[in-house]
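Subject: Structure handover

Hello,

Here is the structure I promised to pass on. Please open it beside this email and follow along.

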Amino acid sequence: MVSVTRGGLALSAAALLAGPLLAAPAQAAPLAAPQPIPGPTVFVEVSPSTVEPGFLVGIKASCKDNSIPAIVVSDAFGRVQVQPQRGLLTAAPMVRERTRPGNYRVKLECPDGETASTMLQVVKAVKPSRGPATGFGGGAGGMTGGLLIPGGLALTVVGLVVWVLALRRPRTVRARR
């Protein structure tokens, strides 16, 4: 082991080699340039994206400046003004009753001239069916469905009468042997 005396201190070879590294001021790694925060993107969304005629759709949109109203246009509901709300532009138009099934373009027109679009699918109005006739319980229809409530009520009354008669019946006492 090699040692050197420096100012009355004994230093080893390892300390001599590490000394300049430790004594040198630490150079900081270059800082990454701050990334610019992207501004609001221009977009338009409809919810639900599939709807029947006569129902409302929610519109959520964004322009560069969301403090100013913008216009949304579609053949499904016409021309609607979206209003600023919680940092976005919103509206809730109703799809016209006479709108035929199909895909309709929904176009956002921002005041600064930028545009965005999405699609809205209008489907034929479907009337729900009664459901399958799978058995007892009133779902089968026919005569038995109308007798369930009166029949159940009659059985309950008969049960109550039998219970009251059983309580009023005199009890016989048996002698112990």
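Start with Glu 45. This residue is partly exposed, with a relative accessible area of 40%. Keep in mind that the model is predicted.

What does Glu 45 pair with? Its side chain meets that of Lys 60 in a salt bridge, at 3.7 Å from N to O. Lys 60 sits in strand β5, residues 58-62, and Glu 45 sits in strand β3, residues 43-47. The pair therefore ties together parts that are 15 residues apart in sequence. Lys 60 is also partly exposed, at 36% relative accessibility.

How many salt bridges are there? The count comes to three. Here are the other two.

Glu 114 and Lys 64
- Their side chains meet in a salt bridge at 3.5 Å, N to O.
- Glu 114 lies in the loop between β9 (102-109) and β10 (115-122), while Lys 64 lies in the loop between β5 and β6 (70-74), so this pair ties together parts 50 residues apart in sequence.
- Glu 114 is partly exposed, at 29% relative accessibility.
- Lys 64 is exposed, with a relative accessible area of 55%. The cut-off for exposed is over 50%.

Arg 79 and Glu 109
- This salt bridge has an N to O distance of 4.0 Å.
- Arg 79 belongs to strand β7 (residues 78-85) and Glu 109 to strand β9, so the parts tied together are 30 residues apart in sequence.
- Arg 79 counts as exposed, at 59% relative accessibility.
- Glu 109 counts as partly exposed, at 27%.

Now the cysteines. A disulfide is a covalent bond between the sulfur atoms of two cysteines. This structure holds one. The disulfide joins Cys 63 to Cys 110, with 2.0 Å from S to S. Where do the two partners lie? Cys 63 is in the loop between β5 and β6, and Cys 110 is in the loop between β9 and β10.

Which hand does the disulfide have? The torsion about the S-S bond of Cys 63 and Cys 110 is about -90°, so the disulfide is left-handed.

Are these cysteines buried or exposed? Cys 63 is buried, with a relative accessible area of 1%. Cys 110 is buried as well, at 7%. Both values fall under the 20% cut-off, which means they count as buried.

Find Lys 64, which is exposed, and then Cys 63, which is buried.

Best wishes

How values were computed:
Residues numbered from 1 in each chain as written. Predicted model: local features only at pLDDT ≥ 70, side-chain atom pairs only at ≥ 80, totals over all residues. Heavy atoms only, no water. Helix = DSSP H or I, 4+ residues; strand = E, 2+ residues; numbered from the N terminus. Buried < 20%, exposed > 50% of the residue type's maximum accessible area, 1.4 Å probe, protein only. Disulfide = S-S within 2.5 Å.
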